[in-house]
2 protein chains.
Amino acid sequence: MARQERAVRTRRVILEAAAAVFDERGYDAATIADILSRAGVTKGALYFHFASKQELAQGVLDEQFGEGGVPQRESKLQELVDVAMLLAYRMKREPMLSAGARLSLGPGMREIFGGGSVPGWIEFTRTLLVRAKEQGELLVHVDPAETAWILSACWTGAQIYSQALNDRTDVEERVAAVYQHICPSIATPAMLARLDMAPDRGQRVAAELESGRGPVREADPAFS
Amino acid sequence: MARQERAVRTRRVILEAAAAVFDERGYDAATIADILSRAGVTKGALYFHFASKQELAQGVLDEQFGEGGVPQRESKLQELVDVAMLLAYRMKREPMLSAGARLSLGPGMREIFGGGSVPGWIEFTRTLLVRAKEQGELLVHVDPAETAWILSACWTGAQIYSQALNDRTDVEERVAAVYQHICPSIATPAMLARLDMAPDRGQRVAAELESGRGPVREADPAFS
């Protein structure tokens, strides 16, 4: 393996270990020693890539939405549901995502990381809602900025409750229920009748992405 | 001041200091030394009341919903909105509430505190929704258990986002927006037309409670 390739792989191993430790213990309680022992790399290797715990956490945040892309749909509200359901599906399986969510939301995290991925997530949602509204998918009273904030916050609340109460086993079902509770207030009846908000939607979208069917938008730059 | 009265007062001072420290730093990062210095009491006084950090946190959780009571309404959906808006109003002003929310939701908190106040909060919401449905305030498809979970989780998500992004300055406006986004999916049109979900609802309910007008239900035992 070329030296550069090995460095990339080591960096990834360290970030995955950091994500797992941040996810389990939180930023404050996590130590570099925990991350070293989880990653199984030398101290020198870790500090070659990351100078501090804060840089490690920033690395996790940067990777959070770096992979996979999101499916493009003609209906932008369906695209938004798909992104939310895909994230719920992946969050159950990838510590990088759940650690990123946790790092973004702890009190004090705002000072250190500027709210982490949350502002980018709200802005991404707002952009899709603006386009959905232009296409006539949303009711006239909908304010895309306000609804984007609410949808993002409610997604996060469902994820946190699911984690705290059920170890995330029901996260897809709960995120689906969030959308089922909110979409009737924002979507036109015609849109609502065509919207797929089933709990297994994320799994089906993931399979679609893996099979290479359909156009895929790369992860939005707002996230990184 | 009688000795017992003084002990009650000291216990309260310690719990308020503990709430402030847990709220700012989180359970893991908080230390007894922080709490001691914030409370301005002796180590002996603190250990007389609480044997450990875990007991301090449990004390904060127990106090969380112990005060104030909630207003009774003929419409149980309005009563639920009032409780939610009153909590948002008080959370901005009382660290005991915000620390309790934080202690209930951190990863790892489930093992230590059994999900904190969250299960009691969901159950309280479910009970009100069952009565609202019996009274014909809710649409026939509404499952009180599912909707109670979703409303509680979305309330929490709005509170966390408001804290992380805006230091809770907009928490009442955001919690109101959560209800405005969900109630149209669950309430009958006649109920919806009478429902007060304005952002200043919590403040008005607090004033009503202070003035002693209207029947008040004591804090629900499910919370303690």
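Predicted model: local features only at pLDDT ≥ 70, side-chain atom pairs only at ≥ 80, totals over all residues.

Colleague: Why is Lys92(A) called partly exposed?

Modeller: Buried requires under 20% and exposed requires over 50%. Lys92(A) has 34% relative accessibility, so Lys92(A) falls in between and counts as partly exposed.

Colleague: What makes Glu172(A) buried?

Modeller: The relative accessible area of Glu172(A) is 9%. That value is under 20%, and therefore Glu172(A) is called buried.

Colleague: How do you know that Glu172(A) forms a salt bridge with Lys92(A)?

Modeller: The closest N and O atoms of Glu172(A) and Lys92(A) are 2.9 Å apart. The limit is 4 Å between a side-chain nitrogen of Lys or Arg and a carboxyl oxygen of Asp or Glu, so the pair qualifies. The pair links distant parts of the chain, with Glu172(A) in helix α10 (residues 171-186) of chain A and Lys92(A) in the loop between α5 (76-91) and α6 (95-105), 80 residues apart.

Colleague: Why is the contact of Arg93(A) and Glu172(A) also called a salt bridge?

Modeller: Their N to O distance is 4.0 Å. Arg93(A) is partly exposed, with a relative accessible area of 44%.

Colleague: How many salt bridges does the structure hold over all chains?

Modeller: The structure holds 30 of them over all chains. One of these joins Arg25(B) and Asp34(B), at 2.9 Å from N to O. Arg25(B) has a relative accessible area of 37% and Asp34(B) one of 23%; both values lie between 20% and 50%, so both residues are partly exposed. In chain A, salt bridges that share partners join Arg73(A), Asp82(A), Asp196(A), Asp200(A), Arg201(A), Arg204(A) and Glu208(A) into one network.

Colleague: What makes the contact between Asp196(B) and Arg201(B) a polar contact?

Modeller: Their side chains are joined at 2.8 Å. Asp196(B) is found in the loop between α11 (189-194) and α12 (201-211) of chain B, and the residues it touches include Gln78(B) and Val81(B).

Colleague: Why is the aromatic pair of Trp149(A) and Tyr161(B) called edge-to-face?

Modeller: The structure holds eight aromatic pairs over all chains. In the pair of Trp149(A) and Tyr161(B), the centres are 5.6 Å apart and the planes stand at 80 degrees. The centres are therefore within 6.5 Å and the angle is over 60, which makes the pair edge-to-face. Trp149(A) lies in helix α9 (residues 144-166) of chain A and Tyr161(B) in helix α9 (residues 144-166) of chain B, so the pair joins two chains. Both Trp149(A) and Tyr161(B) are buried.

Colleague: How do you know that Cys183(A) is buried?

Modeller: Its relative accessibility is 0%, which is under 20%, so Cys183(A) counts as buried. Cys183(B) is likewise buried, at 0%.

Conventions. Residues numbered from 1 in each chain as written. Chains lettered and ligands numbered in written order. Heavy atoms only, no water. Helix = DSSP H or I, 4+ residues; strand = E, 2+ residues; numbered from the N terminus. Polar contact = N/O pair within 3.5 Å; in protein donor to acceptor, adjacent residues only side chain to side chain. Contact = heavy atoms within 4.5 Å. Buried < 20%, exposed > 50% of the residue type's maximum accessible area, 1.4 Å probe, protein only. Phe/Tyr/Trp six-rings, centres within 6.5 Å; stacked < 30°, edge-to-face > 60°. Lists of a residue's contacts leave out its neighbours within four places in sequence.
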